[in-house]
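The following report describes a single protein chain for a reader who has the model at hand.

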Amino acid sequence: MMHNCPPPMPLLQRWLRGSARMNGSYGHLLFEQAIPNDQAVVDELRPYFESAHLDAREVFHRTARIDLHPDAGAPGAHAQYPTCLPSTAKKGLFGEVMTGLMTQAYQFIGGHQWTIPVFLFRYHAEAEAYIFDLARDPPRVREISGRHGNDFIALAIDPASGEVVRFIAGEAKWRADLTPSVMDTMMFGEWTGPAGARVRSNDGVWNEINRGLPTPQGLEQMHRLLCEKARHHYAEAIVSLDRALLIGGNPLPRTDLVFVAGNRAARRAQGQTYLPTNSHPVEYTAGRPLQVVELVLEGGVDLIESLYRSLWGGR
């Protein structure tokens, strides 16, 4: 299955308050929760999340030899993706899916129409191995690391030619306690060095974005999925990606995206942002169009658990 569910716009209009800033090739969006995370929020988010995870669910369930939609008492029913994953992993998945939802729902820098044919969750090798083991050994519960590579890829496809003319590559982060110090550590890395001369390790999000290849592996993964799942529908897009992915080929124009979500800190005032709103941060040196999104929630951890517990008829 391809990803085919539109963002739940009526919910977003009720659930979030937004403010936008754009300056040249830099854009900043702030979204703040406006209504409680009740069952209606879960119900209206669920279809988009199921669509985002279905490709990986098909792959991981097939690998683990469990039914795609097993009955409650069926062998391996406790090991369903993504519900069975540890809490930390689900928080990371939530950030990645919300990145896609926001990309499709709102206008980003450049005014491009972004398409997400499929999410890249099937390339989370540790989740695949975890589900295989858990299906056969229920007590084998453990934490798992996040998926390597780009958190998110979307395509801008020319409606006349069908060719890919640009792509967006995103870093998605979730933090339960999103304070200024937590944001700084996430963006710049941990403090390091001797007492009195400590510096940031420079291995945070800005470094990852700055080091991103003009043509990243996530684009190859998207190409592979289009070839496997929708070769005829995306024929021209596949050919254009073929050209861009050749070693030494002309890369496609790239837009960078940073999506940060977390619970409101006690001292965070309404409308307050933790990332720059008017121009590129000086730490961002890649020289590409950059879109930043901050999502501020109330009780986000409970929302994530309720949402993922509800997928595919769960409780």
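## Contacts and burial in the helices

Apart from its neighbours within four places in sequence, Ser310 is in contact (heavy atoms within 4.5 Å) with Val42, Arg46 and Glu50. Ser310 belongs to helix 9, residues 300-310; helices here are DSSP runs of H or I with at least four residues and strands are runs of E with at least two, both numbered from the N terminus. Ser310 counts as buried because its relative accessibility is 8%; buried means under 20% relative accessible area, exposed over 50%, and partly exposed in between, with a 1.4 Å probe and protein chains only.

This is a predicted model, in which local features need pLDDT of at least 70 and side-chain atom pairs count only at pLDDT 80 or more, while totals for chains, interfaces and linings use all residues. Residues are numbered from 1 along each chain as its sequence is written, and side-chain values use heavy atoms, with hydrogens and water left out.

Ser51 lies in helix 2, residues 39-64. With residues up to four places away in sequence not counted, Ser51 touches Met2, His3, Asn4 and Cys5. Its relative accessible area is 10%, so Ser51 is buried.

Glu96 is part of helix 3, residues 87-105, and is buried because its relative accessibility is 8%. Beyond its neighbours within four places in sequence, Glu96 is in contact with Phe119, Phe121, Arg147, Asp151, Phe152 and Ala172.

The relative accessibilities of several residues are collected below.

| Residue | Relative accessibility | Class |
|---|---|---|
| Cys84 | 13% | buried |
| Cys227 | 18% | buried |
| Asn202 | 48% | partly exposed |
| Trp312 | 23% | partly exposed |

A disulfide is a covalent bond between the sulfur atoms of two cysteines. Under the criterion applied, a pair of cysteine sulfur atoms within 2.5 Å, the count of disulfides comes to zero.

## The cavity

How many cavities of 30 Å³ or more does a search of the whole structure find? The search finds one. A cavity is defined on a 1 Å grid over the protein atoms alone, as a set of points where a 1.4 Å probe fits but cannot get out; lining residues have an atom within 4 Å of a point. Grid points are joined across faces, edges and corners, and a volume is the space filled by probe spheres set on the points.

The largest cavity has a volume of about 50 Å³. Glu96 is one of its lining residues, together with Ile116, Val118, Phe119, Leu120, Phe121, Arg147, Asp151, Phe152 and Ile153. By class, the lining of the largest cavity divides into seven nonpolar, no polar and three charged residues. In this scheme Ala, Val, Leu, Ile, Met, Phe, Trp, Tyr, Cys and Pro count as nonpolar, Asp, Glu, Lys and Arg as charged, and the others, Gly among them, as polar.

Seven strands make up an open sheet of mixed pairing, in the order 1-2-9-8-5-4-3. Strand 1 and strand 3 (114-115) are the edge strands, each pairing on one side only. Two strands are taken to pair if DSSP finds at least two bridges between them.

Strand 1 (residues 16-23) and strand 2 (residues 26-33) run antiparallel and are joined by eight bridges. Within this pairing, Gly18 stands opposite Phe31 in strand 2. The hairpin of strand 1 and strand 2 has two residues between the strands, and Gly24 takes a positive phi near 65° there.

Strand 2 is also joined to strand 9 (residues 290-297), by seven bridges, and these two strands run parallel. Here His28 stands opposite Val292 in strand 9.

## Backbone features

Tyr81 and Pro82 are joined by a cis peptide bond, with omega about -5°. Pro82 is located in the loop between helix 2 and helix 3.

Asn202 is not a glycine, yet has a positive phi of about 60°. Asn202 is placed in the loop between strand 7 (199-200) and helix 6 (205-210). Trp312, likewise not a glycine, has a positive phi of about 55°, and lies in the segment after helix 9.

Note on methods: 1 Å grid on protein atoms, 1.4 Å probe; cavity = no way out; pocket = protein on both sides within 12 Å on 5 of 7 lines; lining within 4 Å.
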